[in-house]
Amino acid sequence: MVKLKASSKHKFNPKVLGALALRTSKIPMVKFMFTVGVLTLLAKVFGFYKEMVIASEIGLSELLDTYYIALLIPGFLQTVFIGSLNNLFIPNYITELSTSNKKGEFQTVSFIMITILVAILTLLCLVFSAYFLEMVFPGHPLAYYELIRSQLYIILPSLLFWGYSGMFGGLLEINNKFFFSSLSPILISITFLVCLFAFRAELGNMVLAVGTLAGAIVTFLFQLFFVVRKKILEFAKPVINPNIRLMMGQLPPKISSGLLTGLNSFVDQFFAAQLVVGSIAAINYGTKIPAFVVGIIIMVIGAVLLPHFSRMVNTDLQKAYKQLFRILKIVFFGALIATLFAYLFSNQIIELLFERKEFKAEDTLVVARIQQIAILYVPFYLCTLVCVRFLTAINKNKFMAWTSFWNLGLNLVLNIILMQYYGVYGLVASTTVVYIIASFVYVGFTYKQFKALKAAK
């Protein structure tokens, strides 16, 4: 939990926190969730249409495999490192508002941290692509690796725009401007489709990579416009105060947790690359529906809950726990219904969405089976993600780092065993088992913390 230190320089300011709580109460949290939900649904529709177009025009091909590998590396770095910093930004910035309230200083230091982090990550990414790409993804011709590198060099600048957009999006959410922060995924898909339709002949094999970079730039400019227009963005002389130090102290365990969690996807892609060409693309298409369900629900509640919980834990921690457990019940049983529907009609869903042109009937059978395995983890994984939002708000990042470590080890062992017997299906089954076990661990730990809090009172 974020500790508020009383001193002559940093006094607890109940008026600021009270104003934040009042703003949330005047416009109910349900309304925020509805706004985010509608926009997220639209974003997923655009995202699915984008994937349908790619499947129709490109199919399960070498180009698509190499694009996913090229996107995997910067995407992994963004999720693990930049995403960790942005997730810590929200609860600690809210604490800053309730103490010294030096918004400009906090934002400036955060901006500098993102810039330095992106520069280091870009350098590491270039070193990896130059010296370790063949080692990690062996057994392919030279042209395969050159295609990966060419796309990677185009996608890499997206890291900087993703980093700044994450911070701007956090500022918009803290100030209850969920409409503007939730529009970003829609803009990404629209920009990508414009590149694919209008410039495919000119860009050739680089069209997917250019579309990704263009989407990152458009999102950055869009969010920058609104944080400036709404007078949310402030810069001042950078000063490292106690709240900044607390955020920096939580960054290593948060990064460790994100790193180990992100490596699960990397490990799955590594093993999939050892199988027949098209296996990576098959897994990506087979997990689209699970990702759709998870994305809709977690964006609806996740974007609203982290700032909400961050305010609540500073005022009434026990009430925050009780509200968390109510949300977990609703999320689990609601997701369970959607999961059963998607499992029963898996073949029909994949056939309807993707089977055309280069995506053949045999591709549908493979992807549908993958989807049936993957969809089973959705209710459990959603509960894990809700708990992660809450535990981030109370700075329990060390626990999450250790849990992610054991999850990665289990996933690695299960991948080795199950791939030998079930191929690509075994890789997906391994992920499902790990997510289900992790859910019990996260919910159990959170409940244990609640019982300890009650006992202390």
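1. A salt bridge is a side-chain nitrogen of Lys or Arg within 4 Å of a carboxyl oxygen of Asp or Glu. Keep that in mind for Glu 234, which forms a salt bridge with Lys 103, the closest N and O atoms being 3.5 Å apart. The two ends sit in distant parts of the chain, 131 residues apart: Glu 234 is in the loop between helix 10 (207-229) and helix 11 (242-273), and Lys 103 is in helix 4. Helices here are DSSP runs of H or I with at least four residues, strands are runs of E with at least two, and both are numbered from the N terminus.

2. A word on what you are looking at: this is a predicted model, in which local features need pLDDT of at least 70 and side-chain atom pairs count only at pLDDT 80 or more, while totals for chains, interfaces and linings use all residues. Residues are numbered from 1 along each chain as its sequence is written, and side-chain values use heavy atoms, with hydrogens and water left out.

3. Now for the overall picture. The protein has 19 helices and zero strands. Of its 457 residues, 58% are buried; buried means under 20% relative accessible area, exposed means over 50%, and partly exposed is in between (1.4 Å probe, protein chains only). Among contacts with a separation of 6 or more, 85% are between residues 24 or more positions apart, where contact means heavy atoms within 4.5 Å. The accessible surface comes to about 20,000 Å², and carbon and sulfur atoms hold 70% of that. Such areas come from the Shrake-Rupley method with a 1.4 Å probe, and for residues only the protein chains shown count as cover.

4. Back to the salt bridges: how many does the structure hold? There are three salt bridges. For the pair in point 1, Glu 234 counts as partly exposed because its relative accessibility is 30%, and Lys 103 is partly exposed too, with a relative accessible area of 30%.

5. Which residues are linked in a network of salt bridges? They are Glu 134, Glu 146 and Arg 149. Arg 149 pairs with Glu 134, the closest N and O atoms being 2.9 Å apart. That pair links distant parts of the chain, with Arg 149 in helix 6 (residues 142-155) and Glu 134 in helix 5 (residues 133-136), 15 residues apart. Arg 149 also forms a salt bridge with Glu 146, with closest N and O atoms 3.5 Å apart. Because Glu 146 and Arg 149 are three residues apart in helix 6, about one helical turn separates them. Arg 149 is buried, with a relative accessible area of 9%, whereas Glu 134 is partly exposed at 30% and Glu 146 is partly exposed at 38%.

6. Please also find Gln 107, in helix 4 (residues 103-131). Is Gln 107 buried or exposed? Gln 107 counts as buried because its relative accessibility is 0%. Setting aside neighbours within four places in sequence, Gln 107 is in contact with Tyr 93, Met 167, Leu 171, Ile 232, Leu 233 and Glu 234.

7. Asn 243 is in helix 11 and counts as buried, at 8% relative accessibility. Not counting residues up to four places away in sequence, Asn 243 touches Asn 92, Thr 95, Glu 96, Thr 99, Ser 100 and Phe 106. Asn 243 and Phe 106 are 137 residues apart in sequence, and their C-alpha atoms are 8.4 Å apart in space.

8. Next, the surface patches. They are made of residues with over 30% relative accessible area and no salt bridge; like charges are joined within 9 Å, and nonpolar side chains (Val, Leu, Ile, Met, Phe, Trp, Tyr) within 5 Å. Phe 34, Val 38, Leu 42, Phe 46, Ile 190, Val 194 and Phe 199 make a nonpolar patch of about 600 Å². Helix 2 (29-57) and helix 9 (184-203) each supply at least two of its residues, and helix 2 gives the most, with four. Phe 34, in helix 2, counts as exposed because its relative accessibility is 59%.

9. Finally, Lys 319, Lys 322, Arg 326, Lys 451 and Lys 454 gather in a surface patch of positive charge. Helix 14 (317-344) and helix 19 (424-456) are the elements that give two or more residues to the positive patch, and helix 14 gives the most, with three. Lys and Arg count as positive and Asp and Glu as negative, while His and the chain ends are not counted. The place of a charge is taken as NZ of Lys, CZ of Arg, CG of Asp or CD of Glu. Lys 454 lies in helix 19 and counts as partly exposed, at 40% relative accessibility.
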